Amino acid sequence: MDEPVFDELIHAPLRLRICSLLAPVESMAFATLRDALEITDAHLSKQVRILLDAGYVVSTRTGSASREDARRTVWLSLSPQGRHAFESHVRALRRMLPAEA
């Protein structure tokens with residue numbers, strides 16, 4: 001296993017929460033993530049854009065037969081690079097904690 005790396009980009013509180021919610025799942029709908037974080041679309045979009053630009057998150061759009069309009073569902077997932085960076089960051093955070101007695 002490689003050396004844990006503290007990642008400033010992931011460490012921002014909202015981006016850390018986004019990665020934490022995406023880590024245990026294959027993908028999550030944008031709206032589901034927004035609701036879980038209790039933030040606006042615009043606020044989530046800004047943070048997701050930073051993660052997308054870093055290559056940590058992947059965004060896909062799919063249509064839905066249940067929708068009557070042309071809107072698509074946006075799905076977000078951690079990329080392999082993002083998953084590795086998040087796991088490494090979590091290990092770095094754990095390393096900072098005092099050892100249990």
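Which helix and strands each supply at least two residues of the lining of the largest pocket? I was working from a predicted model, and I found helix H4 (41–53), strand E2 (57–62) and strand E3 (73–78).

**Entry 1: the pocket**

I looked up the volume of the largest pocket, and it came out at about 160 Å³. Next I went through its lining and noted Phe 30, Ser 45, Val 48, Arg 49, Leu 52, Ser 59, Arg 61, Val 74 and Leu 76. I then checked where these come from: H4 gives the largest share of the lining, 4 residues. Sorting the lining by class, I got 5 nonpolar, 2 polar and 2 charged residues.

**Entry 2: the helix pair**

I moved on to helix H2 (residues 13–22) and helix H5 (residues 80–96). Their axes come within 11 Å and cross at roughly 110 degrees. Angles of 65 to 115 degrees count as roughly perpendicular, so I put H2 and H5 down as roughly perpendicular to each other. I also noted the hand of the H2 and H5 crossing, which is left-handed.

Which residues meet where H2 and H5 are in contact? On the H2 side I listed Leu 16, Cys 19, Ser 20 and Leu 22, and across from them in H5 I listed Arg 83, Phe 86 and His 89. By class, this contact of H2 with H5 has 4 nonpolar, 2 polar and 1 charged residues.

Technical notes:
Residues numbered from 1 in each chain as written. Predicted model: local features only at pLDDT ≥ 70, side-chain atom pairs only at ≥ 80, totals over all residues. Heavy atoms only, no water. 1 Å grid on protein atoms, 1.4 Å probe; cavity = no way out; pocket = protein on both sides within 12 Å on 5 of 7 lines; lining within 4 Å. Points joined across faces, edges and corners; volume = space filled by probe spheres on them. Nonpolar A, V, L, I, M, F, W, Y, C, P; charged D, E, K, R; others polar. Axes fitted to C-alpha atoms, helices over the stretch in contact; angles between N-to-C directions. Parallel < 35°, antiparallel > 145°, perpendicular 65-115°, else oblique. Left-handed = near helix turned anticlockwise from the far one by under 90°. Contact = heavy atoms within 4.5 Å.
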